[in-house]
Structures are given as structure tokens and as C-alpha cells.
Amino acid sequence: MIPAARISAAIEVLTDLTTRRRPAADALKDWGLSHRFAGSGDRAAIAGIVYDTLRRRASAAHVMGSEEPRALVLGMLVLMRGLDGEAIAALADGSRFAPAPLTEDERARLADPSIKGAPPFVRGDYPQWLHASLRHVFGEDVVAEGAALATRAPLDLRVNTLKGEPEAVRAELSHLNPAPGRFSPLALRILLDSEGKAPPVSAEPAFLRGEVEVQDEGSQIAAILARPVPGSQVLDLCAGAGGKTLEFAALMDNKGQLYAHDSDIRRLKPMHERLARAGVRNVQVRSPRGAEDVLHDLEGRMDLVLVDAPCTGTGTWRRNPDAKWRVRPGALAQRTAEQAKILEEAAHYVRPGGRLAYVTCSLLDEENGAQVRALLSKREDFHVVPPNETVLSLGAHGQALADAALTSREGILMTPRRTGTDGFFVSVMKRAG
């Protein structure tokens, strides 16, 4: 497909999103199934245009004076991809498969694409209704933080130390030009190409042998800060597909016992294959069984309980830009209620002297500090481990993280702008012995 045809296809996909109000991945998949002539490179390029447009939706709409899919794509091309009006006109020339020619109004707007003086939520490319919550956390930096969330995320890998060593794996993947992580000693970072396409890491021999896993550096850091100790008893209460479970097993050197649970058995499905590939031997998956309490024997026995809580995912907007515009106030209220319930449940499994790690991929205090404060008001036998102590588990990189991240009495908040990672909140609490 020629570049102009890819732009037309992206406009078509975005129109489908607007009409049917569904995830971008679903619309892209359906488009690919109904246009089988498009190769994998075409589909990846179209996806890149769609996701970049969603990243800059608010600012693109402001520049073009419209929220129509065509206007959003044109605005993105000038704001994010740096094309000038003439270059865009050459793509939108009305030829076969190309978008219709630019109107005079579109040409004028593309000639002066400034967002200076626009409202903060436009300059930061985030939903207007979340401005107060984000401003509460970031203050005058809210626009800069939002703009960082509107950029592309790199591809981060975690070296599985049960199978390989960071330097050796980095050398094996040298053709992908990986760089070491900024804070996590296990991280390798691969930058995307100019169209946002990532290399097919899952086909690499190192991946197939279980030497690396795809995992954002912020997620890696969160697991390290929880400090699972070899030989200890650990419960991952919201394990999902097992990203942090696998990292815990490696950090524990397969020693001790690690229990993985999730309230939705479907989320656990990928974990079993991942555990086998990674060479993990100390994980016991506790799948839900209807009304049966499958964790009753763990109450008061765990050295560490991890709550990787379900949340709005505001910290992952770089990777899931369509979720940014689909989240609603009702979803936030639902998530905070779920989080409070899960945290109270999790506290019952912690032994005296044990620790409770609370992690979200959210930037909102409602889902982060407020949840910790609420739990502590009910459980006086728990206290927060100060962030300057929590970061010590990162060794030499601990102080650097403390300096870069946003810290509070409740925990540590990583953001793309501050730490170059997805947005993650980490709070470690300890139960009195």
C-alpha cells in the first residue's frame, strides 16, 4: 500500500471507532480481516497512524477545529510526525486510494498548527474531566506530564535471570540495539522505528528460550521494590497473565513458595505457558473455583502479599491511547471500590512482620495514596515503609529513582516524564510484628 492509502485506511478505522465505540485493537483487527491484500507492514503502519492520532486527539482537534477522523489524522501528521502542509497535501491529493484534497480551511490550519494558549487538557492531550485529578497530583507540571503520556512508549524487555544474564542477553540481541534500563538492572530497552513499529521480539530465540520477557521497566521496578526474598512465602493476589509473578520467581531464585491468584480465571490462562518457558518451579497457581475459598490456608502466613490492583490504567496511556478517551467517571468509581475491597482482603494474608505491596498503573491519587490512607485508617497494625527505604532494594540505582520519581508519604509514583517508564504507583506497607 502506498503511504496515502495507509492514511485513508487509518481514517476508515478511526471512523469505525467513533461509530461503534470500541477498542482500537478490535477495529484494526476487523479492518485487516476485511482487507486481506494488506501485508503485515501495511497493517503495522496503519495501526501506528491510528494510535498516534489517538495520542494527540485533543491537540489535533484543537488545531483542525474538528473531531472528525480525517481532521484528527491531519492534525496528528503535523503535530506528532512533523509534516508540513505541503507534505500533507501531497498525501491527500484525491488520487486513487488517497484522501480527498485539502480544503482551504485545512491548508490554513495546517500552516499554523500552534496550540499555545489552548486549555491545559488540550496541550496535555488528556480528557478534560480528569484535569482536576491530574492537577492535584502534578500541580503546574500537569501539561508536561500529560504531553509525555502522549508520546510513544519504547519496547522494554526483562532479562530472566533463571535462564540468562543481562550482559549476555544484551549481546545476543545486539542486532536490535538494546540499551540497558535506567533503573532496573534487569531491563533492556529497544526504541521503535519512525512509524512506531516494534521488532518481532516474540520470534527471537532468546525469547523462545525464556531468557527475556516483554515488561515495562516501571513494572520491573515495582516488583523489585516489593522485595520478594528467596525462601519466603509470597502471594500475588491479582496475578493476571503473570508478569510480576515471573519476575518474583526470578528474584527469589526459584526458592520459597509463590502463590499466584486472580479472581478471573481467564486472565490466568497465559501464565501456565509463560511459567514453563521461563523455567519457574516455585509457583503454585491458585485458580478461582466458584464460591470456594482457595486461599483460606494462606491467611496470616505470607511474608509478602502483592496487590497489582485493577485500575483505570492512566499510567499506560502511551501504550493504550484509545483507553485514555474511553475511561469515564463511572469507571473510576468502580475501580476505587474494587481496590479498597482487595486491599482489605490482602491485609488478612500478611503475617505479623510481613509486608503488603500495593501497585497500580494509575497516576490518580484516588487510586493510589487515598487507597493506602483508607487502609491504614482501618488497620492500625500496618504502616508505610518510607520511600527512601523502599528504593534501597534497587541497590545503586535506588537514590536515582527516588530523585527522579514523585514521592509522597504513601509511596512512589513513576511517570514517563520523570522516569521514562509507564506510570506506576508503588506503596510498601509493613504489618507490626
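Author: Cys-238 has 15% relative accessibility, so this residue counts as buried (buried is under 20% relative accessible area, exposed over 50%, partly exposed in between, with a 1.4 Å probe and protein chains only). The model is predicted: local features need pLDDT of at least 70, side-chain atom pairs count only at pLDDT 80 or more, and totals for chains, interfaces and linings use all residues. Residues are numbered from 1 along each chain as its sequence is written, and side-chain values use heavy atoms, leaving out hydrogens and water.

Now the sulfurs. A search of the whole structure finds zero disulfides (a disulfide is a pair of cysteine sulfur atoms within 2.5 Å). Cys-238 is in none. The nearest cysteine sulfur to Cys-238 belongs to Cys-311, 11 Å away. Cys-311 is buried too, at 12% relative accessible area. The closest cysteine sulfur to that of Cys-311 is in Cys-361, at 3.3 Å, which is too far for a bond.

Next, the strands (DSSP runs of E, at least two residues; helices are runs of H or I, at least four; both are numbered from the N terminus). Strand 5 covers residues 233-236. Strand 5 runs parallel to strand 6, joined by four bridges (two strands pair if DSSP finds at least two bridges between them). Asp-236 stands opposite Ala-260 in strand 6. Strand 6 spans residues 257-261, and four of its five residues are buried, so the rest of the structure largely encloses this strand.

An open sheet of four strands has the order 2-3-1-4. Strand 2 (179-180) and strand 4 (212-214) are the edges, each pairing on one side only. Inside that order, strand 1 (residues 155-159) and strand 3 (residues 187-190) share four bridges and run antiparallel. Arg-158 has Ala-187 of strand 3 as bridge partner.

Last, a helix pair. The axes of helix 4 (residues 57-64) and helix 7 (residues 104-111) come within 8 Å and cross at roughly 120° (axes are lines fitted to C-alpha atoms, for helices over the stretch in contact; angles run from 0 to 180 degrees between N-to-C directions). The two helices are therefore oblique to each other (under 35 degrees is roughly parallel, over 145 roughly antiparallel, 65 to 115 roughly perpendicular, the rest oblique). Helix 4 brings His-62, Val-63 and Met-64 to the contact. Helix 7 brings Glu-106, Arg-109 and Leu-110 (contact means heavy atoms within 4.5 Å).
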